[in-house]
Amino acid sequence: MATQSFKTLDSLDPRGKKILLRADLNVPVHDGAISDLTRIERLAPTIRELADKGGRVIVVSHFDRPKGKPVPALSLAPISEALAKALGKKVTFVPDCIGKVAQSAAAAMQDGDVIVLENTRFYAGEEKNDPEMAKSLAALADVYVNDAFSAAHRAHASTEGVAHHLPSFAGRLMEIELNALKAALENPERPVGAIVGGAKVSTKLDLLDNLIEKVDMLAVGGAMANTFLAAQGYSVGKSLKEDDMLDTAKAIMAKAKERGCDLVLPVDVVVSSDFMAGAPTETVAASAIPADWMALDVGPKTTALLIQKLSTLKTLVWNGPLGVFELPPFDEGTNAVAQAAAKLTKEGKLKTVAGGGDTVSALRHAHVLHDMSYVSTAGGAFLEWLEGKILPGVVMLSQAGEDVAPL
Ligand SMILES: Nc1ncnc2c1ncn2[C@@H]1O[C@H](COP(=O)(O)OP(=O)(O)OP(=O)(O)O)[C@@H](O)[C@H]1O
Ligand SMILES: O=C(O)[C@H](O)COP(=O)(O)O
């Protein structure tokens with residue numbers, strides 16, 4: 001697992017300083033409204049701390065994927081209003097993130113002020129990690145604070161490049177995310193288990209490979225499990241599976257055996273003739289999926305098996321739902337296992353760490369999001385961290401200290 005040491009806000013006196021704060025304001029928006037405020041709420045303490053101590057907080061973030069040009073619908077203006085509400089404080093929106101407009105806004109700030117600059121991805125230089133863009137961002141401030149763990153897997157101008165030019169610190173959310181993930185996997189209380197579900201083996205191959213080396217039990221659910229069942233020689237009917245991943249699945253099974261990792265696959269599944277609510281369903285053994293049917297959830301025997309396995313663990317890492325949780329009744333397996341994990345967590349018997357966009361939705365759907373020990377705000381970055389990859393945004397925090405390149 002990638003470990004670095006980094007400076008936190010404990011070693012920054014923000015008074016009178018202009019602080020470029022990289023946040024992740026890439027919040028989910030549906031029908032024009034923010035549908036989940038988690039990222040804003042989790043970021044707020046960092047801003048509050050810096051502003052209350054007299055810092056001048058210049059918030060920068062990307063939003064969505066405007067592909068290097070201004071897209072009015074992807075402006076951060078409405079999100080800065082939501083931030084102001086969460087902070088209970090005036091936040092000024094600035095309609096550019098570099099250049100004269102941003103410079104004069106930064107120059108006019110008083111101690112304790114908070115401004116939000118426009119979407120960094122309105123410039124192509126952001127995603128290209130253009131050194132000029134990084135320098136322009138750095139020129140706005142005296143120090144850089146990165147609080148965007150969920151964007152730390154991107155080597156972009158505002159997440160990586162800028163830290164070459166300013167003394168850099170981890171914000172409180174970044175610090176919490178890194179410490180929670182380290183505690184869960186670097187030196188976990190054992191036995192440690194992982195549940196990995198979701199749609200495709202191909203997108204989580206590195207994750208499975210790395211987890212097998214770290215955990216004592218690895219349960220695979222969701223459509224990914226179908227590929228494993230097929231690799232075992234079972235017919236999986238019309239279920240979603242990846243034929244080009246069969247050998248990979250076999251190799252993962254062999255590696256688990258070799259390393260003594262208990263790889264748990266579904267023993268029964270809930271199948272349906274169609275991918276739609278109200279379609280007929282049946283529960284069948286994992287080895288007996290009818291030719292014209294598809295597996296859309298784990299069955300009750302698998303659910304009971306997973307719950308029994310959870311009771312033997314001290315730490316659980318969870319990414320990916322066990323079934324098509326968006327389409328009841330195929331949420332039952334995920335709901336039951338999530339609720340069992342929540343109960344053990346509340347009883348102090350299990351430490352649970354979860355992350356991933358759909359995973360967070362699935363845990364919320366099961367009404368247990370707040371009962372996990374830790375839920376990461378990250379999707380892609382959470383996965384890459386669990387895969388053992390080095391995250392560029394995190395690396396820069398440990399490398400860029402006082403000794404930075406002059407502008
Ligand atoms: N048996 C199944 N058949 C088809 N799709 C499935 C099955 N089980 C789960 N899924 C789908 O997998 C999707 C979630 O997988 P994904 O890998 O994207 O999760 P995640 O890593 O938490 O999310 P994200 O990629 O957004 O961070 C859900 O939309 C769910 O419906
Ligand atoms: O939501 C996320 O995972 C981060 O904000 C990164 O967004 P991206 O996948 O568009 O880089």
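Visitor: What makes α8, β14 and α12 stand out around ligand 1?

Guide: In this predicted model, each of α8 (222–231), β14 (294–298) and α12 (357–365) supplies at least two residues of the shell around ligand 1. The most comes from α12, with 3 residues.

Visitor: Which residues are the closest to ligand 1, and how does its shell divide by class?

Guide: Ligand 1 is surrounded by 19 residues, and the closest are G198, G222, G356, G357 and G379. By class, the shell of ligand 1 has 7 nonpolar, 10 polar and 2 charged residues.

Visitor: What makes up the shell around ligand 2?

Guide: The residues around ligand 2 are D24, N26, R65, S150, A151, R154, G379 and G380. They divide into 1 nonpolar, 4 polar and 3 charged. Asp and Arg count as charged, and D24, R65 and R154 are among the residues of this shell.

Visitor: How do you know that the length of α1 agrees with that of a helix?

Guide: Helix α1 covers residues 38–52, 15 residues in all, and at 1.5 Å a residue it should span 21 Å. The expected span is 1.5 Å times one less than the number of residues. The end C-alpha atoms of α1 are 22 Å apart, which agrees.

Visitor: Where is α1 kinked, and what follows the helix?

Guide: A kink of about 30° lies at A44, shortly before the proline P45. Just after α1, G54 adopts a positive phi of about 90°.

Visitor: Which residues of α1 are buried, and against what do they pack?

Guide: R39, I40, R42, L43, A44, T46, I47, L50 and A51 are the buried residues of α1. They pack against β1 (18–22), β4 (56–60), α2 (77–87), β6 (114–117) and α6 (172–185).

Visitor: Why is V270 called buried?

Guide: A residue is buried if 20 or more other C-beta atoms lie within 10 Å of its own. V270 has 25 within that distance, and is therefore buried. V270 lies in strand β12 (residues 268–272). Leaving aside neighbours within four places in sequence, V270 is in contact with T281, T283, L296, D297, G299 and F330. The C-alpha atoms of V270 and G323 are separated by 9.1 Å, although these residues are 53 residues apart along the chain.

Visitor: What are the two domains, and how many residues are in contact between them?

Guide: The domain assignment gives domain 1 (9–174) and domain 2 (188–386). Between them, 8 residues of domain 1 are in contact with 6 residues of domain 2. The side of domain 1 that touches domain 2 has 3 nonpolar, 3 polar and 2 charged residues. The C-alpha centres of the two domains lie 36 Å apart.

Technical notes. Residues are numbered from 1 along each chain as its sequence is written. Chains are lettered from A and ligands numbered from 1 in the order in which they are written. This is a predicted model: local features need pLDDT of at least 70, side-chain atom pairs count only at pLDDT 80 or more; totals for chains, interfaces and linings use all residues. A residue is near a molecule or strand if its C-beta atom, placed from the backbone, lies within 6 Å of it. Domain bounds come from an automatic or database domain assignment. Two residues are in contact if their C-beta atoms, placed from the backbone, lie within 7 Å. Helices (H or I, at least four residues) and strands (E, at least two) are DSSP runs, numbered from the N terminus. The bend at a residue is the angle between axes fitted to the seven residues ending there and the seven starting there. A residue is buried if 20 or more other C-beta atoms lie within 10 Å of its own, exposed if 12 or fewer, and partly exposed in between; C-beta atoms are placed from the backbone.
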